[in-house]
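Hi,

Here is the model I promised to pass on.

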Amino acid sequence: MPQDQPPRTIVITGAGRGIGRATALRLGTGGTRVLALDHDGGEAERTARAVTAAGGVGAAAACDVTDQPSVEAAIAAAGRVDVLVNSAGIIEDKALEQVSADDMQRMYEVNTAGLFLATQAALAGMPDGGRIINVASRAYIGSRDDAHYVPSKAAVVGLTRTLAIELGARRIMVNAVAPGTVRTPPLAGLSEERPSRLAGSCPAGRLPEPEDIAHAIAFLADDRTRHISGQVLIIDAGRSTDLSPA
């Protein structure tokens, strides 16, 4: 980083655990400022302390991404926002006939509308040339027992591509990572056999870890990726490309 430029400020939603926390630790080095946001303020604080211990400058705030005033206040505290990582999200297994209207609404509010609100709030402090990385899901192409989850992540992909067009004139690059099943705490919301079944279906025979996704996010957040925008990077150990008969 040139000496005349201040350290980058990175805002990460859902930073209390899983992919969000791994991303904070991956990016929060060398004096980089990281604002960890999470609905669980205690977990956000834990991430911020870990960032500081790793050589970054960690800060934290409790933030409910479904609540616009909460989102705006938390992100405004960062001031400048060079990179926004929208990692907050929820998942659960439910067949179509089990999904209630409230289930559908809640999934959309967290996974899609929450990302939208955080992006709107961050843009006020984002300079030209900033970066927005959204955590979508490989499931956006379709998945069993995810009738409310899949549409919420497909919308993230659509929003990513739309923002890449709208913000292109400001040289703000907007991309998404689309992990397959990752070994994160939300796995507790899935059926017990699903993680092992999915690992067995991967050509690599194993599921990605949060750190694997964090490395991909770091690539897209890098200043040198100045011509990559509107892209969706699927990270699922090759599962989505294997069309072999079962």
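Which residue in β7 is the bridge partner of Val-177? It is Leu-233. Before the rest, a word on the ground rules. This is a predicted model, so to speak of local features we need pLDDT of at least 70, side-chain atom pairs count only at pLDDT 80 or more, and totals for chains, interfaces and linings use all residues. Residues are numbered from 1 along each chain as its sequence is written, and side-chain values use heavy atoms, with hydrogens and water left out.

Now the fold. The protein has seven helices and seven strands; both are DSSP runs numbered from the N terminus, helices being H or I with at least four residues and strands being E with at least two. Read from the N terminus, the elements go β-α-β-α-β-α-β-α-β-α-β-α-α-β.

The seven strands make an open sheet with parallel pairing, in the order β3-β2-β1-β4-β5-β6-β7. At the edges stand β3 (57-62) and β7, each with a single partner strand, so one side of each has no neighbour in the sheet. On average, neighbouring strands here are turned by 15 degrees against each other, direction ignored (axes are lines fitted to C-alpha atoms, for helices over the stretch in contact, and angles run from 0 to 180 degrees between N-to-C directions). Back to the pair I opened with: β6 and β7 run parallel and are joined by four bridges, where strands pair if DSSP finds at least two bridges between them.

On to burial. Of the 246 residues in the protein, 48% are buried (buried is under 20% relative accessible area, exposed over 50%, partly exposed in between, with a 1.4 Å probe and protein chains only).

Next, salt bridges (a side-chain nitrogen of Lys or Arg within 4 Å of a carboxyl oxygen of Asp or Glu). The whole structure has seven of them. One is between Asp-223 and Arg-8, with the closest N and O atoms 3.3 Å apart. This pair links distant parts of the chain, 215 residues apart: Asp-223 is in the loop between α7 (210-221) and β7 (232-235), and Arg-8 is in the segment before β1 (9-13). Arg-8 is buried at 18% relative accessible area, whereas Asp-223 is partly exposed at 45%.

Another joins Asp-128 to Arg-170 (3.2 Å, N to O). Asp-128 sits in the loop between α4 and β5 (131-135) and Arg-170 in the loop between α5 (149-166) and β6 (173-179), so the pair ties together parts 42 residues apart in sequence.

Glu-43 and Arg-46 also meet in a salt bridge, at 3.1 Å from N to O. These two are three residues apart in helix α2 (residues 41-53), so about one helical turn separates them. Glu-43 is partly exposed at 27%, and Arg-46 is partly exposed at 36%.

For the method: on a 1 Å grid over the protein atoms alone, a cavity is a set of points where a 1.4 Å probe fits but cannot get out, and lining residues have an atom within 4 Å of a point. Helix α4 (residues 101-123) gives the largest share of the lining, four residues. Among the lining residues are Thr-13, Val-65 and Asn-86.

Cheers

Definitions and conventions: On a 1 Å grid over the protein atoms alone, a cavity is a set of points where a 1.4 Å probe fits but cannot get out, and a pocket is an open set with protein on both sides within 12 Å along at least five of seven lines; lining residues have an atom within 4 Å of a point.
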